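Hi,

Here is the structure I promised to pass on. Have a look at it first, and then read my notes below.

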Amino acid sequence: MEEAQNTVEHRPVFMPRVNSDNLVKTDMVRFERHVGFASRQKKKSIHDLHQVIRKKYGFSNVLELSSKSGNKLSFPLSPLSLKITNEQDGQQYSVENAFQSSMIFENGGPYSDLLTVQPRQAKKDERLITSGELISYDYFGIEWSVEPLTAFYDWLYVNALKQNPQLHEEVMQYQAFTDITFNPKKSIHCAAYALAMFVALNKRELLDNVEDPAVFFNLYQDFKVSNTEHLLEEGWL
């Protein structure tokens, strides 16, 4: 009976690239999702997703970033856990808190109080939904445009990971990254994508000066962007 309930779905895989005109190659993967909320069902789905990726690309090391991955490396790499140190006040904030607290909307923001709440609470704050259209970001006086869509989020994540060198050796062993909870129809910001970008930049020896927003922004001019923007449904960012 359980097998009859399974459904076919598509999720992205993000692959770092060294010898190409893009830093990350994104591909949609068709796999069988095991329906149900039990942890074992989600782990089965991740297993099937990764089996398809391994067979299609010949990869041996694929990292799932969601909490159901079963890989101990996924926790410190989660945007809820990975911390970035702000140069101005010397404090550490999770990537999630830094991102959500920087949003400026038509009718409010940035909501700096979201820097110090629990990351999941920051992500679900009602003001992020009721304040109108997202128009820009302001992170401690550093202003970012909404375009390119993932640039600010990627900058936060890449720099946070750069500041945590104890994670680098393990991260560099992986050939592809996934997050089975990421729905490309309803979101564009994905830590698995930013993680793949970090690996590509590290391999290309391009991590120098990525703290400078101008240097990082130029990456989106120098390389083709391969994310899931084309899958976004209207009204979602």
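A word on burial before anything else: buried means under 20% relative accessible area, exposed means over 50%, and partly exposed is in between, using a 1.4 Å probe and protein chains only. This is a predicted model, so local features need pLDDT of at least 70 and side-chain atom pairs count only at pLDDT 80 or more, while totals for chains, interfaces and linings use all residues. Residues are numbered from 1 along each chain as its sequence is written, and side-chain values use heavy atoms, with hydrogens and water left out.

Let me start with two serines. Ser 101 is buried, because its relative accessible area is 5%. It sits in the loop between α4 (95-100) and β6 (103-105); helices (H or I, at least four residues) and strands (E, at least two) are DSSP runs, numbered from the N terminus. The Ser 101 side chain reaches the backbone oxygen of Asn 97 at 2.8 Å. Setting aside residues up to four places away in sequence, Ser 101 touches Pro 110, Tyr 111, Ser 112, Leu 114 and Leu 115, where contact means heavy atoms within 4.5 Å.

Ser 66, in the loop between β3 (62-64) and α3 (74-77), is buried too, with a relative accessible area of 6%. Its side chain makes a polar contact with the side chain of Glu 64 at 2.6 Å. (A polar contact is a pair of N or O atoms within 3.5 Å; within protein, one must be able to donate a hydrogen and the other to accept it, and residues adjacent in sequence count only if both atoms are side-chain atoms.) Beyond four places in sequence, Ser 66 is in contact with Ile 46, Ser 74, Asp 179, Ile 180 and Thr 181.

Ile 46 brings us to helix α2, as it is among the buried residues there, along with Gln 41, Ser 45, Asp 48, Leu 49, His 50 and Ile 53. After the helix comes Gly 58, with a positive phi near 75°.

Tyr 57 belongs to α2 and is partly exposed at 23% relative accessibility. It touches Val 13, Met 15 and Asp 27, again not counting residues up to four places away in sequence. Its C-alpha atom is 9.7 Å from that of Gln 175, which is 118 residues away along the chain.

Now the rings. The whole structure holds 17 aromatic pairs. Rings of Phe, Tyr and Trp (its six-membered ring) pair if their centres lie within 6.5 Å; planes under 30 degrees apart count as stacked, over 60 as edge-to-face and the rest as tilted. Tyr 57 and Phe 59 are stacked, because their centres are 5.4 Å apart and their planes are at 15°. Tyr 174 and Phe 177 are tilted, with centres 6.3 Å apart and planes at 45°, and both residues are buried. Ring pairs also link Tyr 93, Phe 99, Tyr 137, Tyr 139, Phe 140, Trp 144, Phe 152, Tyr 153 and Trp 155 into a cluster.

Strands β7 (residues 134-139) and β8 (residues 142-145) run antiparallel and are joined by 4 bridges; strands pair if DSSP finds at least two bridges between them. Tyr 137 has Trp 144 as its bridge partner in β8. The hairpin has 2 residues between the strands, and Phe 140 takes a positive phi near 50°.

Happy viewing!
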